[in-house]
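I am opening my notebook with the sequence and the structure side by side. I want to write down, entry by entry, what I look up and what I find.

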Amino acid sequence: MPELKIEVDPAEVGLDAGRLERLDRYLAAYVDDGRLPGWQIAVTRKGRVAHLAQYGHRDIENGLPSEGDTLYRAWSMTKPVTSVAAMTLVEDGTIGLQDPVSRYIPAFENVRIYQRGPASRPVTTPVAGPIRIQHLLTHTSGLTYGFHRAHPVDEIYTQNGYEWATPPGLSLAECCEQWASFPLLFEPGTAWNYGVSSDVLGRVVEVASGSGLDDFYAERVLEPLGMTDTAFFVPPEKADRLAAFYTVDPATGRAVRADHLGAGALHRPACLSGSAGLVTTLADYHRFTQMLLGGGTFDGARVLGPRTVRHMLRNHLPGGADLASVGRPVFSEMPTSGVGFGLGFAVVEDPAAAGVPASPGEYAWHSVAGTVFWVDPVEEITVLFFTQLMPSSAHPLHSRLRQLVNQALVD
């Protein structure tokens, strides 16, 4: 099990230790007044851990503290791992970014686009062109999530059991067959919408590689990087390390236990979700972010080539647009103006438009359960924040984190 430790005095890498304390005080206040159960954070610069802190509990009711080996449901921070796994197949020549998804999942051969009408009787038209692998990586496929509850197609997903999870007992292959039968929101490649694209991408990885998604992750990403605590479920011998899951009481704003939203992490799922299936630790995901910062390599293991990583971190939205102009709102308080989307990550194009003290080219992703990471390749900074609270947009945590980390940079 990799262990995360302070590796350098903050001053040696241009960080003010006193200013970093502001970060801890801000986050501790959320625990002290009951808005968060507990948290962990790691700040690295130039590849070395300069700040590491934890506070509160992984399980309030049982008095279990947040600890270095606490396991967290990554939820949507699974998506970047799936993107990296898929890009290893691109580098192999096994798949291509412009390949139609139907080459690997034939059910996507005849998808149709929603035009009008209720969820019970939607009027649809054929697509002008196929969903391609690149559309899955950029969330421009036209697929969606039921939990958006903003469109008749979202309602179709919800009615069929796809809101926060997949229907019990269905495999990833079976889910993909159903998703292919639902209308798309728009012509592939013309807009951005957060949805099950990474799940479908995971199935493409399975078909193209001939391996289960868990085995392929292990072989091409997790084992090379030493991510020994990252998997699709928590085995019995590690169960006591899993953080309890909480949601926000709308009346008080306090964190309340919500075991029903997180219980699946203790059992092998029928559907290996490339969107939201992984459980991980701060130390493990740290290794993943260092690989990205290192241009595809970390600790002697090369997962991707540097040119592949650079290509993933360009804005691939149609016409170079930002998320605010071609996307539907993300379930988060993270910015969309001045922010593009690459092959698996949000990418800051214009910090002034985004309203964040970031560098152009900073990339990030987050989850509805409160986990978030970002990498600033200009300042050579990576930041990881883990908690277990839904929804992440209930408090201005992610935006404040950027402010508080960047104000501690003094070189």
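The entries below go through a helix pair, some strands, a few charged pairs and some single residues.

**Entry 1: what kind of model**

I note at the start that this is a predicted model, and I keep that in mind for every value I write down.

**Entry 2: a pair of helices**

I first looked up how two packed helices are described, which is by the angle between their axes and the distance between the axes. I then turned to helix α1, residues 17-32, and helix α13, residues 397-406, whose axes come within 9 Å and cross at roughly 160°. Because angles over 145 degrees count as roughly antiparallel, α1 is roughly antiparallel to α13.

Which residues of α1 meet α13? On the α1 side I found Arg 22, Leu 23, Tyr 26, Leu 27 and Tyr 30, and on the α13 side they meet Leu 397, Arg 400, Leu 401, Leu 404 and Val 405. I sorted the residues of this contact by kind and got 8 nonpolar, no polar and 2 charged.

I looked next at strand β16, residues 381-386, which is mostly covered, with 6 of its 6 residues buried. In a regular strand the side chains alternate between the two faces of the sheet, and I checked each side of this one in turn. On one side of β16 I listed Ile 381, Val 383 and Phe 385, on the other Thr 382, Leu 384 and Phe 386, and they are all buried, with both faces covered.

Which strands are joined to β16 by bridges? Strand β1, residues 38-45, is joined to β16 by 6 bridges, and the two run antiparallel; in this pairing Thr 44 stands opposite Thr 382 of β16. Strand β15, residues 372-376, is also joined to β16 in the antiparallel sense, here by 5 bridges, and Asp 376 has Ile 381 in β16 as its bridge partner. I also noted that β15 and β16 form a hairpin with 4 residues between them, and that Glu 380 in the turn has a positive phi of about 55°.

**Entry 3: Gln 290**

Is Gln 290 buried or exposed? This residue is found in helix α9, residues 282-293, and because its relative accessibility is 5%, Gln 290 counts as buried. Leaving aside its neighbours within four places in sequence, I found Gln 290 in contact with Thr 44, Gly 47, Thr 297, Phe 298 and Thr 382.

**Entry 4: an open sheet of three strands**

I then looked up an open sheet formed by 3 strands in the order β8-β7-β17, with mixed pairing. At its edges stand β8 (255-257) and β17 (389-390), each with a single partner strand, so one side of each is left without a neighbour in the sheet. Strand β7, residues 246-248, pairs with β17 in the parallel sense over 2 bridges, and Tyr 246 has Leu 389 in β17 as its bridge partner.

**Entry 5: salt bridges**

How many salt bridges does a search of the whole structure find? The search gives 20, and I followed some of them.

Arg 149 forms one with Glu 163, the closest N and O atoms being 2.8 Å apart. Arg 149 is exposed, with a relative accessible area of 59%, whereas Glu 163 at 25% counts as partly exposed.

The side chains of Arg 287 and Asp 299 also meet in a salt bridge, at 2.9 Å from N to O. Arg 287 lies in helix α9 and Asp 299 in the loop between β10 and β11, 12 residues apart. Arg 287 is buried, with a relative accessible area of 17%, while Asp 299 counts as exposed at 60%.

Lys 238 forms a salt bridge with Asp 229, with the closest N and O atoms 2.6 Å apart, and Asp 229 counts as buried at 6% relative accessibility. Finally, I wrote down a network of salt bridges that links Asp 59, Glu 61, Arg 257 and Asp 259.

Definitions and conventions:
Residues numbered from 1 in each chain as written. Predicted model: local features only at pLDDT ≥ 70, side-chain atom pairs only at ≥ 80, totals over all residues. Heavy atoms only, no water. Axes fitted to C-alpha atoms, helices over the stretch in contact; angles between N-to-C directions. Parallel < 35°, antiparallel > 145°, perpendicular 65-115°, else oblique. Contact = heavy atoms within 4.5 Å. Nonpolar A, V, L, I, M, F, W, Y, C, P; charged D, E, K, R; others polar. Buried < 20%, exposed > 50% of the residue type's maximum accessible area, 1.4 Å probe, protein only. Pairing = 2+ DSSP bridges. Salt bridge = Lys/Arg side-chain N within 4 Å of Asp/Glu carboxyl O.
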